[in-house]
Amino acid sequence: MSAPPDLYGRRSKDRMWAFAARAVDAFEAVTRKLAGGEEPPPKPVVSLSTTVVVRKVTPEAEDVVSVTLSAPDWSPLPAWQPGCHLDLILPSGTRRQYSLCGDPDDRSTYRIAVRKLGSGSREVHALGEGDVVTVRGPRNAFPFIQVPRYLFIAGGIGITPILPMVKAVRDKDWHLVYCGRTRESMPFLDEIADLDPARVWIRPDEEYGVPVSGKELLTWALPSTHVYCCGPPKMIAGVRVDRRTGLHFERFSPPPIVGGRPFEIELSRRGTVLEVPADRSALDVIREAVPGVGYSCRQGFCGTCTLKVAGGEVVHHDRVLTDDERREKMAICVSRGNGRIVLDL
Ligand code: FES
């Protein structure tokens, strides 16, 4: 299976950045272990399910639309903070996560923005006014904390969680670096133009001839600055190489598997045994044998891919299952096994 496209819609060929990301992950894992640190605790699951109506679909950039949703009777929607995302359950049953990028003070609507990259996003682009979809959440996997100084770094559609953050602190000390392939591919430039231009650097690769480096992205970062970054994996990897503290980032694709061990998956209903290599997820391997297996975030926080475990020792890496649920379920996108895991599939 090939790597997913980045947020600019391009296939990544850059092995150096993949290597850098793995090296940073490995370094962090080792330092955490040496410091006796724990993995972050599992996050509570918010499973509010709401039926909403598509009120508006607006072209925002090349291959990007925003979708405005409201309750059928315009009643107030669950509250959210900058950094929150919604699970969108499309008419086909496909489930995907999208960051909320509207106004948190407007409780009558949600706004998301979606770049056309795969089957789920194509279905979003086909939505029209009056269509009904289900949303779950909002959930917050990218917590936004109050600090005196911010640097926001966004790449392409990664602007979606960043935009409400910037607007929320526009009276504070902040800067924004917004990168993309071309200006035409970068959504919400019009809204960013309403912000203080002295604090914003719009940086399309096309105008500079080369992709931006991690050091350039961090030009405005002082030691006390908190850096919020959302964008393609190689952008995040570049920032992580040069910034060790006060860095908050959100990935839109799974992190590389670091220190994984091979294990086996037995699909009990099919009588099939699959080998999961050290550098692949159970989800990727299982989907080759059973293509219909559902997934969404591929990072262990949405719960879409969880399957019932009928035997074996699971090493859980998700952030969605409770201790009780972990006794009988496994999030196959991130969790692994010791030896052979038997799944009810
Ligand atoms: S796909 Fe979201 S938890 Fe596995």
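Two residues are in contact here if their C-beta atoms, placed from the backbone, lie within 7 Å. With that in hand, welcome to a short tour.

This is a predicted model, in which local features need pLDDT of at least 70 and side-chain atom pairs count only at pLDDT 80 or more, while totals for chains, interfaces and linings use all residues. Residues are numbered from 1 along each chain as its sequence is written.

**The whole protein**

- The secondary structure comes to nine helices and 16 strands; helices (H or I, at least four residues) and strands (E, at least two) are DSSP runs, numbered from the N terminus.
- Of the 345 residues, 37% count as buried, a residue being buried if 20 or more other C-beta atoms lie within 10 Å of its own, exposed if 12 or fewer, and partly exposed in between.
- Among contacts with a separation of 6 or more, 65% come from residues 24 or more positions apart.

**Val 124 and its surroundings**

- Val 124 is found in helix α2 (residues 119–125).
- Val 124 touches Val 67, Leu 90 and Val 114, leaving aside residues up to four places away in sequence.
- Val 124 counts as buried because it has 22 C-beta neighbours inside 10 Å.
- Pro 91 is 33 residues from Val 124 in sequence, and their C-alpha atoms are 9.5 Å apart in space.

**Strand β5**

- Six of the six residues of β5 (residues 110–115) are buried, so this strand is largely enclosed by the rest of the structure.
- Tyr 110, Ile 112 and Val 114 point one way from β5, while Arg 111, Ala 113 and Arg 115 point the other way.
- β5 pairs with strand β2 (residues 64–70) in the antiparallel sense over six bridges; two strands pair if DSSP finds at least two bridges between them.
- Leu 69 stands opposite Tyr 110 of β5.

**Two nonpolar cores**

- A nonpolar core is a set of buried Ala, Val, Leu, Ile, Met, Phe, Trp, Tyr and Cys residues joined through C-beta atoms within 7 Å.
- The largest core has 52 residues, and those touching the most other members are Ile 112, Val 114, Phe 152, Ile 153, Ile 162, Tyr 178 and Val 239.
- Domain 1 (49–138) and domain 2 (142–250) both give residues to this core, so it lies between them; the domain bounds come from an automatic or database domain assignment.
- Ile 112 touches Ser 66, Val 67, Leu 86, Tyr 98, Ser 99, Leu 100 and Cys 101, not counting residues up to four places away in sequence.

- Five strands form an open sheet with mixed pairing, in the order β13-β12-β16-β14-β15.
- At the edges are β13 (272–276) and β15 (329–331), each pairing on one side only.
- Strands β12 (residues 263–267) and β16 (residues 336–343) run parallel, joined by four bridges, and Glu 266 stands opposite Val 342 in β16.
- Helix α8 (residues 282–289) packs on the sheet, touching β12, β13 and β16.
- The buried residues of α8 are Ala 282, Leu 283 and Ile 286.
- Seen down the axis of α8, these buried residues fall within an arc of 90°, so they line one face of the helix; the arc is that of the directions from the helix axis to the C-beta atoms.
- The cover over the buried residues of α8 includes β12, β13 and β16.

Terms used:
Axes fitted to C-alpha atoms, helices over the stretch in contact; angles between N-to-C directions.
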